[in-house]
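Subject: Structure handover

Hello,

Here is the structure we spoke about handing over. Please look through it alongside the notes below.

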Amino acid sequence: MKVLVLGAGVIGTTSAWYLRERGHDVTVVERQNAAALETSFANGGQISVSHVEPWAAPKAPLQILKWLSRPDAPLLFRPTLDPRQWRWGVAFLLECLPARTRRNMLQILAISKYSGEMLRDLRAATGIHYDELQRGILQVYTDDAGFASAEKAAALVRRYGIARDVKTADECVAIEPALRGRRDWIAGGTFTATDETGDARKFTQELAALAATRGVTFRYDTRIESLAQAGDAIVGVRTVDAHGNKAILTADAYAICLGSYTPLLLAPVGVAALVYPAKGYSATIPIVRPDAAPRGSITDDAKKIVFTRLGDRLRVAGTAELSGYNLDLNRVRCEALTRRASEWFGGAIDGARAEYWTGLRPATPSGVPLIGRTRYPNLYLNTGHGTLGWTMAAGSGKALSDIVSGRKPEVAFDFVGT
């Protein structure tokens with residue numbers, strides 16, 4: 001079939017790759033002038049299969065209330081007049097029920113585990129490089145309650161074949177000597193040796209370049225205006241290129257991989273997708289003392305911040321702000337990242353040269369992505385991955401290519417429209 005993939009982030013690009021592998025004629029439409037220039041540009045760098053805890057958990061509502069007055073809070077809800085924000089918020093509260101949280105954890109684990117396998121296969125098949133490291137991910141906890149919750153989550157994923165091991169404070173320091181100066185902060189940790197890290201932007205752009213050599217067409221600098229619908233099918237995509245020229249692009253199938261912007265495109269054709277932007281921040285900081293900097297990746301659970309080594313840079317990312325589609329950099333939240341990094345690692349990094357970035361993570365209330373077919377038989381979704389888009393990308397793209405091709409995906413997951 002001829003397939004149009006809308007969006008060239010890490011989700012859209014992996015979808016295009018696997019669709020082409022299935023033999024389809026694939027075109028990717030992207031408003032930026034290259035792949036991975038929006039949400040995939042500077043994320044935390046973690047491919048964290050073991051991180052299955054969604055934001056929507058029984059303790060979350062009280063935590064969010066406590067954080068309302070803190071401008072640097074890990075998760076900040078800024079109420080607006082947008083009814084979609086309120087619908088999302090009500091649904092989020094429902095997903096905080098214990099039974100829902102457990103179900104969501106298992107769904108997240110299933111697609112993440114499958115995606116990790118697909119990424120390893122893809123790397124082996126292509127030889128692609130993206131500052132990748134296979135040194136595991138260490139999660140550290142600075143309070144006893146957080147550590148106790150982590151022990152329960154670790155036990156759950158171990159039952160499903162993920163070796164997320166509980167570690168003492170001393171064992172955490174042995175894994176990551178860069179934590180030695182703050183040994184007294186650490187209540188304990190968990191470590192998953194099979195988790196990975198890498199630069200999502202580099203990966204996406206390298207994969208896009210390779211896909212282009214294999215027949216995938218990328219139409220950059222092309223803005224998507226709307227979907228054209230006739231009867232029970234989508235019959236085209238209305239676009240405008242960089243010169244203002246309008247066109248309708250047609251295909252047999254359409255895959256929507258537009259992250260937070262997906263519901264805005266779908267609403268006029270009567271397709272609901274409860275995805276809302278969760279604004280995240282990152283700082284990319286030069287490493288000036290390689291021996292004292294983290295060797296791999298660390299998650300600071302209390303602050304919901306990750307620290308990931310990407311070559312000679314430290315990527316510091318985290319926080320979430322539910323405030324709509326605004327992309328202004330909030331200086332307070334930016335400086336909270338570099339301050340926390342300096343508190344942990346001191347002179348190993350040069351915080352004065354930090355490069356800040358913000359992007360919109362496409363979040364569902366449950367934390368479970370929307371992958372599959374809509375009520376239109378030729379319109380498909382691959383969106384809503386929240387903070388785990390990089391983790392879930394390869395598996396989500398592969399599963400979508402199977403669904404479009406009329407095949408049953410190899411992973412047990414609640415796909416949309418099935």
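The notes below cover the salt bridges and then one serine.

This is a predicted model, in which local features need pLDDT of at least 70 and side-chain atom pairs count only at pLDDT 80 or more, while totals for chains, interfaces and linings use all residues. Residues are numbered from 1 along each chain as its sequence is written, and side-chain values use heavy atoms, with hydrogens and water left out.

Salt bridges

A salt bridge here is a side-chain nitrogen of Lys or Arg within 4 Å of a carboxyl oxygen of Asp or Glu. By that rule the model has 22 salt bridges.

One of them joins the side chains of Asp199 and Arg313, with an N to O distance of 3.1 Å. This pair links distant parts of the chain, 114 residues apart: Asp199 is in the loop between β8 (196-197) and α7 (200-213), and Arg313 is in strand β17 (residues 313-322). Helices (H or I, at least four residues) and strands (E, at least two) are DSSP runs, numbered from the N terminus. Both Asp199 and Arg313 are buried; buried means under 20% relative accessible area, exposed over 50%, and partly exposed in between, with a 1.4 Å probe and protein chains only. A network of salt bridges links Asp131, Asp199, Lys202 and Arg313.

Another salt bridge is between Glu343 and Arg340, at 3.3 Å, N to O. Both residues lie in helix α9 (residues 331-345), three residues apart, which is about one turn of the helix. Glu343 is partly exposed because its relative accessible area is 30%, whereas Arg340 counts as buried because its value is 10%.

Asp350 and Arg353 also form a salt bridge through their side chains, at 2.7 Å, N to O. Asp350 has 23% relative accessibility and so counts as partly exposed. Arg353, with a relative accessible area of 49%, is partly exposed.

Ser366

Ser366 sits in the loop between β18 (355-363) and β19 (370-373). Is Ser366 buried or exposed? Its relative accessibility is 10%, so Ser366 counts as buried. A polar atom of the Ser366 side chain lies 3.1 Å from the backbone nitrogen of Val368. Leaving out residues up to four places away in sequence, Ser366 touches Pro54, Glu95, Asn104 and Ile108, where contact means heavy atoms within 4.5 Å.

Regards

Definitions and conventions
Polar contact = N/O pair within 3.5 Å; in protein donor to acceptor, adjacent residues only side chain to side chain.
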